[in-house]
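This report looks at how one chain folds and packs. Please view the model alongside the text.

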Amino acid sequence: MADPQQLLAPLIEPPLPLVPVLPSATAWPVLLVVGAVLLAAMTMVVAWLLWRRGAPQRAVRRMARMDNPVQAAHELAALVREQGLPATGAWQDALDRVRFGSPTAGHAETMARLCAEALTLLTPR
């Protein structure tokens, strides 16, 4: 014998038609978030590269303001070696006088001049 509930079920409660779910409705927010994260990451990388590019200039400006000109001269000599700057003979002699000579009052002015010249060498053309 046939089940009356099975026979009458489509008459009582008709099945609902399937509604398609648009994939773009759920994908847009995810794509926007991923795009924003990638844009932020690229911006941070570019900012970091630009900041690192100016590091030698910031170091020379800091050396020009140092209280101890002998220590500043040692750091400037290390930076010149590190960056491979073409130092002239007179410039190198003045730097060596500050580094290894007896301390005098004129060392601060000499270091300020040497740092200014080093900045011109470090400035990209």
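What share of the contacts in the protein chain with a separation of 6 or more comes from residues 24 or more positions apart? The share is 57%, where contact means heavy atoms within 4.5 Å.

The model is predicted: local features need pLDDT of at least 70, side-chain atom pairs count only at pLDDT 80 or more, and totals for chains, interfaces and linings use all residues. Residues are numbered from 1 along each chain as its sequence is written, and side-chain values use heavy atoms, with hydrogens and water left out.

**Overall fold**

The protein chain has 6 helices and 0 strands. Its pattern along the sequence reads α-α-α-α-α-α. Helices (H or I, at least four residues) and strands (E, at least two) are DSSP runs, numbered from the N terminus. Of the 125 residues in the protein chain, 21% are buried. Buried means under 20% relative accessible area, exposed over 50%, and partly exposed in between, with a 1.4 Å probe and protein chains only.

**Helix packing**

| Pair | Angle | Axis distance |
|---|---|---|
| H4 (residues 69-83) and H6 (residues 107-122) | about 20 degrees | 10 Å |
| H5 and H6 | about 140 degrees | 10 Å |

Axes are lines fitted to C-alpha atoms, for helices over the stretch in contact, and angles run from 0 to 180 degrees between N-to-C directions.

H4 packs against H6 at about 20 degrees. H4 is therefore roughly parallel to H6. Angles under 35 degrees count as roughly parallel, over 145 as roughly antiparallel, 65 to 115 as roughly perpendicular and the rest as oblique. The H4 and H6 crossing is left-handed: the near helix is turned anticlockwise from the far one by less than a right angle. From H4, the contact uses Pro69, Ala72, Ala73, Leu76, Leu79 and Gln83. From H6 come His107, Ala108, Met111, Leu114, Cys115, Ala118 and Leu122. By class, this contact of H4 with H6 has 11 nonpolar, 2 polar and no charged residues. Ala, Val, Leu, Ile, Met, Phe, Trp, Tyr, Cys and Pro count as nonpolar, Asp, Glu, Lys and Arg as charged, and the others, Gly among them, as polar.

H5 and H6 are oblique to each other. H5 also passes H6 in a left-handed crossing. Trp91, Ala94, Leu95, Arg97 and Val98 of H5 meet H6 residues His107, Thr110, Met111, Arg113, Leu114, Glu117 and Ala118. The contact of H5 with H6 divides into 7 nonpolar, 2 polar and 3 charged residues.

**The core**

The largest nonpolar core has 19 residues. Such a core is a set of buried Ala, Val, Leu, Ile, Met, Phe, Trp, Tyr and Cys residues joined through side-chain atoms within 4.5 Å. Val60, Met63, Leu76, Trp91, Leu95, Met111 and Leu114 touch the most other members. H3 (55-64), H4, H5 (89-100) and H6 each supply at least two residues of this core. H4 gives the most, with 6 residues.

Tryptophan 91 touches Leu76, Val80, Leu114, Glu117 and Ala118, leaving out residues up to four places away in sequence.

**Two buried residues**

Leucine 85 sits in the loop between H4 and H5. Why does leucine 85 count as buried? Because its relative accessible area is 15%. Leucine 85 and leucine 122 lie 37 residues apart in sequence and 7.7 Å apart in space, C-alpha to C-alpha.

Arginine 99 belongs to helix H5. Arginine 99 counts as buried because its relative accessibility is 17%. Its contacts, neighbours within four places in sequence aside, are Val70, Ala73, His74 and Ala77.
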